[in-house]
Amino acid sequence: MRESFWGVMIIGMGIVSMFLVYFFQSITNTDEHNYELLKETTEAAMYDAIDLAAYRYDETVRIDREIFVESFFRRFAQDATLQHQYHVWIYDVHEEPPKVSIRVETMGSEISTTMSGGDSINFKLTDTINAILETKWGVNGYGG
């Protein structure tokens, strides 16, 4: 009888541990995918939005705000996971020097845990990036 309880306990702990590994893996993969997507999309959209006319005229590196926003949303929507809905906030776009601040929140990623005292903790995972465009171009051909 004792051996059968040990067997049931080992099988139960195995099932619980597999569930925990699956749960944390899905959270980690989603958060990592969102961060990498945000980082790569921001960089590519900033390069797309470089104002070449201003650079040719007086060698200043600047981006066009409207082109950046359009390119960012197009690229982000192309590669985003279709399982989630996203809220995207573009806080700050400086045209010269090129700098952007963006926050992405995945809807439906709320995690709720209940502690032994009956208290419930809710938190969301959000990704925020502040990016400054660094190029090899600049005044007289030097980086700036």
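Reader: Does Ser101 count as buried or exposed?

Author: The model shown here is a predicted one, and Ser101 is found in its strand β2. The relative accessibility of Ser101 is 8%, while the cut-off for a buried residue is under 20%. Ser101 is therefore counted as buried.

Reader: Which side chain makes a polar contact with the side chain of Ser101?

Author: Beyond its neighbours within four places in sequence, Ser101 is in contact with Trp89, Ile90, Tyr91, Asp92, Ile129 and Asn130. From this list, one side chain also makes a polar contact with the side chain of Ser101, at 2.8 Å, and it belongs to Asn130.

Reader: What distance separates the C-alpha atoms of Ser101 and Trp89?

Author: Trp89 is one of the residues in contact with Ser101, although the two are 12 residues apart along the chain. The bridge partner of Trp89 in β2, however, is Arg103. Between the C-alpha atoms of Ser101 and Trp89 the separation is 8.5 Å.

Reader: What is the order of the strands in the open sheet?

Author: The protein chain has three helices and five strands, and from the N terminus on these elements run α-α-α-β-β-β-β-β. Three strands make up an open sheet with antiparallel pairing, and their order is β1-β2-β5.

Reader: Why is one side of β1 and of β5 left without a neighbour in the sheet?

Author: In the order β1-β2-β5, the strands β1 (85–94) and β5 (126–132) stand at the edges. One side of each is left without a neighbour in the sheet because each has a single partner strand.

Reader: Over how many bridges do β1 and strand β2 pair?

Author: The twist of this sheet averages 15° from one strand to the next. Strand β2 covers residues 99–107, and its pairing with β1 is in the antiparallel sense, over bridges that number nine.

Reader: What angle does the direction of helix α3 make with that of β1?

Author: Helix α3, which spans residues 65–79, packs on the sheet and touches both β1 and β2. Taken against the direction of β1, the direction of this helix makes an angle of about 155°.

Reader: Which side chain does a polar contact of 3.0 Å join to that of Thr60?

Author: Thr60 lies in the loop between α2 (52–58) and α3, and with a relative accessible area of 19% it is buried. Not counting residues up to four places away in sequence, Thr60 touches Ala54, Tyr55 and Glu96. The polar contact of 3.0 Å joins the side chain of Thr60 to that of Asp58.

Reader: What percentage of the residues of the protein chain count as buried?

Author: Two of the residues discussed here belong to this class, namely Ser101 and Thr60. The accessible surface of the protein chain comes to about 10300 Å², with 58% of it belonging to carbon and sulfur atoms. Of the 144 residues, the share that counts as buried is 25%.

How values were computed. Residues numbered from 1 in each chain as written. Predicted model: local features only at pLDDT ≥ 70, side-chain atom pairs only at ≥ 80, totals over all residues. Heavy atoms only, no water. Helix = DSSP H or I, 4+ residues; strand = E, 2+ residues; numbered from the N terminus. Buried < 20%, exposed > 50% of the residue type's maximum accessible area, 1.4 Å probe, protein only. Areas by Shrake-Rupley, 256 points an atom, 1.4 Å probe, with all protein chains shown as cover. Pairing = 2+ DSSP bridges. Axes fitted to C-alpha atoms, helices over the stretch in contact; angles between N-to-C directions. Contact = heavy atoms within 4.5 Å. Polar contact = N/O pair within 3.5 Å; in protein donor to acceptor, adjacent residues only side chain to side chain.
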